[in-house]
Number of protein chains: 4
Amino acid sequence: MPRTTTYTVNVTFGDCDPAGIVFFPNFSRWMDSASLAFFMQCGVPPWRGLVKTRGIVGTPLLEIHTKFFKPATYGETIEVHTSIEEWAAKTFRHRHVVRRGNDVLCEGTEVRAFVIRDPANADRIKAIPLPEDIKALCV
Amino acid sequence: MPRTTTYTVNVTFGDCDPAGIVFFPNFSRWMDSASLAFFMQCGVPPWRGLVKTRGIVGTPLLEIHTKFFKPATYGETIEVHTSIEEWAAKTFRHRHVVRRGNDVLCEGTEVRAFVIRDPANADRIKAIPLPEDIKALCV
Amino acid sequence: MPRTTTYTVNVTFGDCDPAGIVFFPNFSRWMDSASLAFFMQCGVPPWRGLVKTRGIVGTPLLEIHTKFFKPATYGETIEVHTSIEEWAAKTFRHRHVVRRGNDVLCEGTEVRAFVIRDPANADRIKAIPLPEDIKALCV
Amino acid sequence: MPRTTTYTVNVTFGDCDPAGIVFFPNFSRWMDSASLAFFMQCGVPPWRGLVKTRGIVGTPLLEIHTKFFKPATYGETIEVHTSIEEWAAKTFRHRHVVRRGNDVLCEGTEVRAFVIRDPANADRIKAIPLPEDIKALCV
């Protein structure tokens, strides 16, 4: 079973919409936070550290896929359970399961790549092969 | 070909992350805005009107799936092209194509349902059969 | 000295802008969360409870004033220290001090009122005199 | 009278909170967008251009002060009217008036400085004297 980390979110009033439930893009936001927390808990420095030593500016998304089962609202505490379920040559796939107690609220995958600034054009970013040492920290 | 509406977004500084590109959950946020704009351009009242006449509080998400091809940054203008590619008994599926000029930046689907407050518990929401009159306005 | 509560924030990548620092409206967002946390720690139910028993839909802002001293970035943990420094007939004033360890990052006040839906027009909200029982819980 | 620019916002569902009105930090977000739009309409390049030619990474906030008069909700179009009411040695002060038709919804000031990365520590930012050529474009 792959390494799994837990990221806790206290849902706030401003996270909710006029229907009184979490506005769904916030779940993507929390999965993104859970992804960074995953790497940091595995011992990977934050991106602003990696940018200096290796030029890595982050792990932008290539694809997301989320299913929503139950809504959440403010005042509730939820948990994002995060793992990496597949490592490919230039990408990896996260699985995030968002729970409130025993209820699964939503579940999603993210395909991401490690990127650097494109040496030919600093305004662009460019995927690099998966850094083996980072992968070694995470499995 | 299904009816398609266009929703324009001017990307702002605050929409972008430390890598200098749009923080991806904002694309979900803009697709959500494009969905509401789609219905309003079809002649459907905003949800806060429908909640009074029919109890409908919105069209929350059951599933999202997005592929990201190119990043965007602040100062750019992008367009979300939105249609409904499938109507089922209780759900419908949006397709959103996000373009900057001729470039497709990302593309995604959303499965949504029309919901009312659950009569048995006002804290809960409940999907209803697709309202035929609303569907008739949108095809 | 007025009652003071502490609200902890783990700053995320998506909270930061292309300069790599927290996009400032997020500090307002966290102060808002700290305000709700203040009331809940004082024993006041969340607004969605109060709306049912008393019609209170929240405590919207009449005025905010914030000074920013130092930036923060992702991966950092910050604390919002919140109190109510003045109670008036229909409004109250929060003070929020945002700290990272011993550093004060920003400091602000918020003037808020308790509001209900306007009985004459459900689309509008209306300030009410400060509920004495709620105040009694908070001092 | 100082130069004034207008920035238009279409309020979306996700901008609103469970009370059905704009969550107030979004007004700060829109004022920030209006500030960048002000400079760009005056002929100043976006920050990601200035960072390359002059090292300027943006104009972070030193102080904000906003008064809220009327709420707004989704489906409405509002305008932010932005000017610079004072230029000091190292800072300037924006005034933003947010209108919906003839109604003033809120009004605020922002004190900002132009900053560069601190040459002594790239993780820090540092205010610089107000660039006279940029000021000349804006008055």
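Q: How many residues of chain A are in contact with chain B, and how many of chain B with chain A?
A: In this predicted model, local features need pLDDT of at least 70 and side-chain atom pairs count only at pLDDT 80 or more, while totals for chains, interfaces and linings use all residues, and side-chain values use heavy atoms, with hydrogens and water left out. Residues are numbered from 1 along each chain as its sequence is written, and chains are lettered from A and ligands numbered from 1 in the order in which they are written. With contact taken as heavy atoms within 4.5 Å, chain A touches chain B through 24 residues, and the number on chain B is 24.

Q: How much area do chain A and chain B bury between them?
A: Buried area is the accessible area (1.4 Å probe) that two parts lose on being put together, summed over both. For chain A and chain B, 67% of this area lies on carbon and sulfur atoms, and the total is about 2000 Å².

Q: Which three residues supply more than any other three of the area that chain A buries against chain B?
A: Taken together, the three residues supply 27% of the area on the chain A side. They are Phe24(A), Ile64(A) and Phe68(A).

Q: Which element gives the largest share of the side of chain A that touches chain B?
A: Helices (H or I, at least four residues) and strands (E, at least two) are DSSP runs, numbered from the N terminus. At least two residues each come from H1, strand E3 (61–68) and strand E6 (103–112) of chain A. The largest share, 8 residues, comes from E3(A).

Q: How many residue pairs are in polar contact between chain A and chain B?
A: A polar contact is a pair of N or O atoms within 3.5 Å; within protein, one must be able to donate a hydrogen and the other to accept it, and residues adjacent in sequence count only if both atoms are side-chain atoms. Between chain A and chain B, counting pairs with both residues at pLDDT 80 or more, the number is 8.

Q: Which residues of chain C lose the most area to chain B?
A: Chain C and chain B bury about 950 Å² between them, and 11 residues of chain C are in contact with 11 residues of chain B. Together, 49% of what the chain C side buries comes from Phe13(C), Pro18(C) and Asp123(C).

Q: What is the volume of the largest cavity?
A: On a 1 Å grid over the protein atoms alone, a cavity is a set of points where a 1.4 Å probe fits but cannot get out, with points joined across faces, edges and corners, and a volume is the space filled by probe spheres set on the points. The structure holds 3 cavities of 30 Å³ or more, and the volume of the largest is about 570 Å³.

Notes: 1 Å grid on protein atoms, 1.4 Å probe; cavity = no way out; pocket = protein on both sides within 12 Å on 5 of 7 lines; lining within 4 Å.
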